[in-house]
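Please keep the sequence and the model in view while reading.

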Amino acid sequence: MPTQPSSDSQRSEAVEDLIDALRLFTVESDVFVDVFARAHGLGRNDLNAIMWISQGTRSGHPITPGELAARLGLGAPATTGLVDRLEHAGHVRRERDLNDRRKVIIVMQPSALELATEFFVPLGRLMHDTVADVSAEELQQVTGVVRRMIAAVTTARTNTSR
């Protein structure tokens with residue numbers, strides 16, 4: 001009779017622990033983000049849109065309304081309404097793409113980026129402090145695993161919406 005669990009069962013348990021931790025992280029993150037959304041009169045889709053738009057703005061690869069619709073799983077009319085609301089509130093603006101004048105891109109207004117930074121930077125600092133004793137190599141390994149899990153969720157979402 002073995003005194004140690006088999007490596008297969010240890011691995012399976014470790015994967016389940018990781019999945020549970022990611023679920024809890026997701027829920028806690030959602031609650032944290034909802035505090036920000038409510039404080040600024042934003043809905044969940046509004047906030048998710050702001051996240052994608054700000055990422056595009058910061059990376060130098062602004063998002064188009066069509067790309068935003070695909071990422072949020074919304075139709076064109078709903079996406080137009082959402083961008084209209086965000087633009088009216090002063091969070092984003094539509095611009096013509098300098099490389100292709102037929103294309104419209106959505107970019108964050110500086111005031112909206114400042115507002116989000118004010119709210120989310122303290123969380124980022126706390127997260128940095130929390131893993132201060134973890135090596136760069138361990139962080140890279142964990143990042144790789146989390147990115148694979150994100151890809152799995154994206155695949156499941158894509159398969160579900162077909």
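In this predicted model, F120 counts as partly exposed because its relative accessible area is 28%; the classes are buried (under 20% relative accessible area), exposed (over 50%) and partly exposed (in between), found with a 1.4 Å probe on protein chains only. Residues are numbered from 1 along each chain as its sequence is written. As the model is predicted, local features need pLDDT of at least 70, side-chain atom pairs count only at pLDDT 80 or more, and totals for chains, interfaces and linings use all residues, while side-chain values use heavy atoms, with hydrogens and water left out.

**Aromatic rings**

- A pair of aromatic rings is described by the distance of the centres and the angle of the planes.
- The structure contains five aromatic pairs; rings of Phe, Tyr and Trp (its six-membered ring) pair if their centres lie within 6.5 Å, and planes under 30 degrees apart count as stacked, over 60 as edge-to-face and the rest as tilted.
- One of these pairs joins F36 and F120 in a tilted arrangement, with 5.2 Å from centre to centre and 55° between the planes.
- This pair links distant parts of the chain, since F36 belongs to helix 1 and F120 to helix 5, 84 residues apart; helices (H or I, at least four residues) and strands (E, at least two) are DSSP runs, numbered from the N terminus.
- F36 is buried because its relative accessible area is 5%.
- F119 and F120 make an edge-to-face pair, at 5.0 Å centre to centre and 80° between the planes.
- F119 is partly exposed because its relative accessibility is 24%.
- One aromatic cluster is formed by F32, F36, F119 and F120.

**The largest pocket**

- Rolling a probe the size of a water molecule over the atoms shows where empty space is left.
- On a 1 Å grid over the protein atoms alone, a cavity is a set of points where a 1.4 Å probe fits but cannot get out, and a pocket is an open set with protein on both sides within 12 Å along at least five of seven lines; lining residues have an atom within 4 Å of a point.
- Grid points are joined across faces, edges and corners, and a volume is the space filled by probe spheres set on the points.
- The largest pocket holds about 2500 Å³ of space.
- Its lining has 49 residues, and F25, S29, M51, M127 and I150 are the closest to its centre.
- Two or more lining residues come from each of helix 1 (7-39), helix 2 (44-59), helix 3 (65-72), helix 5 (110-130) and helix 6 (136-160).
- Helix 1 supplies the largest share of the lining of the largest pocket, 12 residues.
- The lining of the largest pocket comprises 29 nonpolar, 13 polar and seven charged residues; Ala, Val, Leu, Ile, Met, Phe, Trp, Tyr, Cys and Pro count as nonpolar, Asp, Glu, Lys and Arg as charged, and the others, Gly among them, as polar.

**The cavity**

- There is one cavity of 30 Å³ or more.
- The largest cavity has about 40 Å³ of space.
- The residues that line the largest cavity are F36, L42, I50, H91, M108, A112, L115 and A116.
- Helix 5 gives the most to this lining, namely three residues.
- Seven residues of the lining of the largest cavity are nonpolar, one is polar and none is charged.

**The nonpolar core**

- The largest nonpolar core has 18 residues, and I53, L68 and L86 have the most contacts inside it; such a core is a set of buried Ala, Val, Leu, Ile, Met, Phe, Trp, Tyr and Cys residues joined through side-chain atoms within 4.5 Å.
- Two or more residues of this core come from each of helix 1, helix 2, helix 3, helix 4 and strand 2 (104-108).
- Helix 2 provides the largest share of this core, four residues.
- Not counting residues up to four places away in sequence, L68 is in contact (heavy atoms within 4.5 Å) with A49, W52, I53, I63, T79, L82, V83 and I106.

**Three further residues**

- T64 is located in the loop between helix 2 and helix 3.
- T64 is buried because its relative accessible area is 12%.
- R58 lies in helix 2, and R58 is exposed, with a relative accessible area of 60%.
- R85 is part of helix 4 (residues 76-88), and R85 is partly exposed, at 46% relative accessible area.
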